[in-house]
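Subject: Structure for your review

Dear colleague,

Please find below the structure that I am handing over to you. I would ask you to keep it open while you read the notes that follow.

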Amino acid sequence: MNNTIHNILKEHYDNPFGPIGWKVFVEEIKQVCYKKNQFVEFQNGFKEALQKVYKEYISSNEDDKIELYSQRVSEIVLRFSDFEKQEGPVVCEEYSPEMQMEILGLDLETIKQPVLDIGCGETGGITRYLRKAGISAFGMDRIVEKEKFLIQADWLKTKFGKDKWGTVISHMAFTNHFIFQHKYVGGKPEEYAQAYMEILGSLKVGGEFYYTPDLPFIETILPKDKYSITKKAIRDDIYSVRITRLK
Ligand SMILES: C[S@@+](CC[C@H](N)C(=O)[O-])C[C@H]1O[C@@H](n2cnc3c(N)ncnc32)[C@H](O)[C@@H]1O
């Protein structure tokens with residue numbers, strides 16, 4: 001982690017970005033953290049603290065400034081995030097499109113368009129796969145390659161729209177994080193519940209939301225006249241889910 005921060009600082013020293021340098025820097029540091037720990041969230045004040053340190057770094061004349069400021073940036077990351085508090089595997093993993101199709105029970109012949117993949121992964125694998133098959137598909141993630149059909153955004157800050165999508169997909173992404181926030185002391189399950197309801201509202205009537213893992217604590221309270229739920233066991237107590245909007 002420290003090495004990567006060091007390299008980013010060096011790059012900004014060797015090739016200064018000018019007035020927007022601090023914004024680029026903040027984004028780069030966030031992306032590094034997301035890749036190391038997909039559950040990491042930053043508290044208010046993080047951006048401002050980094051901006052201040054960055055400006056001091058750029059104008060500093062100290063010989064060992066890259067070392068010195070790598071340390072300071074690491075301290076800010078730890079102070080303003082829950083980076084080190086989590087247990088278990090937290091790095092981002094991407095799964096093959098074929099495997100995601102199989103697990104979610106998606107079918108190229110019947111999938112309803114347009115499609116949105118929430119937390120599509122950096123390469124947007126399933127989005128590319130669907131587009132290759134002639135399907136109108138888009139992906140969103142907070143880390144994505146630059147493509148016109150891949151949107152870089154945070155799902156808690158995204159407007160999913162209303163009556164818009166034929167299919168929404170989220171494989172090992174949104175609901176995995178929802179569960180984490182539900183269990184994690186100091187988590188924000190309410191914000192996830194609100195986003196979940198917005199995602200359901202973004203489906204067209206007859207549209208479908210496919211995801212895994214399942215969310216029994218919220219699925220059981222969805223109005224039955226509005227949503228139908230189909231679950232498929234993946235292994236032990238993990239399910240993939242299809243929710244259809246009925247009206
Ligand atoms: C385990 S990966 C799964 C990627 C893909 N769905 C797949 O199955 O290959 C989870 C993804 O969720 C993304 N993610 C995590 N938090 C996010 C957030 N707040 N907003 C948008 N994407 C997020 C991560 O960047 C990561 O790409």
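Which residues are the closest to the ligand? They are Glu 94, Gly 119, Gly 121, Arg 142 and His 171, and the ligand is surrounded by 21 residues. Sorted by class, this shell contains nine nonpolar, seven polar and five charged residues. Please bear in mind that the model is predicted.

As to the protein as a whole, it has nine helices and seven strands. Its C-alpha atoms fill a box of roughly 65 × 40 × 30 Å, taken along the principal axes. Of the 247 residues, 28% are buried.

Helix 4 runs over residues 65-80, 16 residues in number. From its first C-alpha to its last it reaches 22 Å, which is close to the 22 Å expected at 1.5 Å a residue.

Which residues of helix 4 are buried? Tyr 69, Ser 70, Val 73 and Val 77 are the buried ones. These residues lie on the same side of helix 4 because they cover an arc of only 115 degrees around the axis. Their cover includes helix 1 (2-14), helix 2 (21-36) and helix 3 (46-59). On the other side of helix 4, by contrast, Gln 71, Glu 75 and Arg 79 are exposed.

Yours sincerely,
A colleague

Notes:
Residues numbered from 1 in each chain as written. Predicted model: local features only at pLDDT ≥ 70, side-chain atom pairs only at ≥ 80, totals over all residues. Helix = DSSP H or I, 4+ residues; strand = E, 2+ residues; numbered from the N terminus. Expected span 1.5 Å × (residues − 1). Buried ≥ 20, exposed ≤ 12 C-beta atoms within 10 Å, placed from the backbone. Arc of directions from axis to C-beta. Contact = placed C-beta atoms within 7 Å. Near = placed C-beta within 6 Å. Nonpolar A, V, L, I, M, F, W, Y, C, P; charged D, E, K, R; others polar.
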